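Colleague: Could you take me through the salt bridges in this model, please? I would like a close look at who pairs with whom and how exposed the partners are.

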Amino acid sequence: GGDGGIAREILKYKYFERLDMVEIDQVVVDTCQKFLPRVFPASIAQDDRFHLFYEDAATFVTSAESQSYDLIIIDASDPIGPGASLYTPTFYAEIKRLLRREGAVVAQCGSFFYLPCVFRTVYHGLSAHFPVVMPYSCFTAVYPGGSWNLAIATLRPSDRPEKPHSRRIRGFLADQQEQLSFYDSAVHRAAFDSIPPLARNELAKGPPSIQELQAEFVDIYGEAWWEDECSGRNNSE
């Protein structure tokens, strides 16, 4: 995302050789660099591994080279206006094309409780293109309820992302012990085990229509917000 939080975390680790960040709005990046320096520190832009593209991600993925990424992280905005293109079958198909065989995709997918249609859309969108898709939960204090959902997808049917590679993780933690305060093997397992029956029942419903997906945000933000959103899109067109 344009706030730089994901880039900040990835660039902490020497294992990553290159990071491409795609953000449609330069104002977002400039604002976060100015007012949120702890989230988007100056060290990010100074890192030679960091490459920033001011572009619509839906366009970026169509021009990037096939099988060029080991890890793709999707922190999409709400599926309204330009953000809607990041929830489409076309977008997920392009993500699959860009991923190397041994790689993984991680996507933010809202909350099964507060945003069940987003949760279902992302999960089923990935499932249409990847043989392995696993939802999981994480703690995030800035979102409602503190519990938020993501999904990881891989191309190899034998992959079991919910099962941590204990020896590899122990080595990683030993190497990074001063930088990690939350993650370990137990947290890894719990993230996947904490998907309750209520969430699994949501996924069993299948993908929602675009009308259902957008209505979810009208219910949350109100009719006035939706009218403003529609007005803004019409004016930009």
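Modeller: Happy to! A salt bridge here is a side-chain nitrogen of Lys or Arg within 4 Å of a carboxyl oxygen of Asp or Glu. Please keep in mind that this is a predicted model.

Let's begin with R8 and E9, whose closest N and O atoms are 2.9 Å apart. R8 is partly exposed, at 28% relative accessibility, and E9 is partly exposed as well, with a relative accessible area of 28%.

Next come R160 and E162, whose side chains meet in a salt bridge with an N to O distance of 2.6 Å. Buried means under 20% relative accessible area, so E162 counts as buried at 15%, while R160, at 47%, is partly exposed.

E202 is buried, at 11% relative accessibility, whereas K205 is exposed, with a relative accessible area of 52%. Going back to the opening pair, salt bridges that share partners join R8, E9 and K12 into one network.

For some surroundings, consider the nonpolar side of the model. The largest nonpolar core has 37 residues, and I72, I74, I95, V105, V122, L126 and F130 touch the most other members. Among the elements giving two or more residues to this core are α6 (116–127) and α9 (197–203); α6 gives the most, with six residues. Apart from this core lies another, of 10 residues, including A7 and L11.

Technical notes: Residues numbered from 1 in each chain as written. Predicted model: local features only at pLDDT ≥ 70, side-chain atom pairs only at ≥ 80, totals over all residues. Heavy atoms only, no water. Core = buried A, V, L, I, M, F, W, Y, C linked by side-chain atoms within 4.5 Å. Buried < 20%, exposed > 50% of the residue type's maximum accessible area, 1.4 Å probe, protein only. Helix = DSSP H or I, 4+ residues; strand = E, 2+ residues; numbered from the N terminus.
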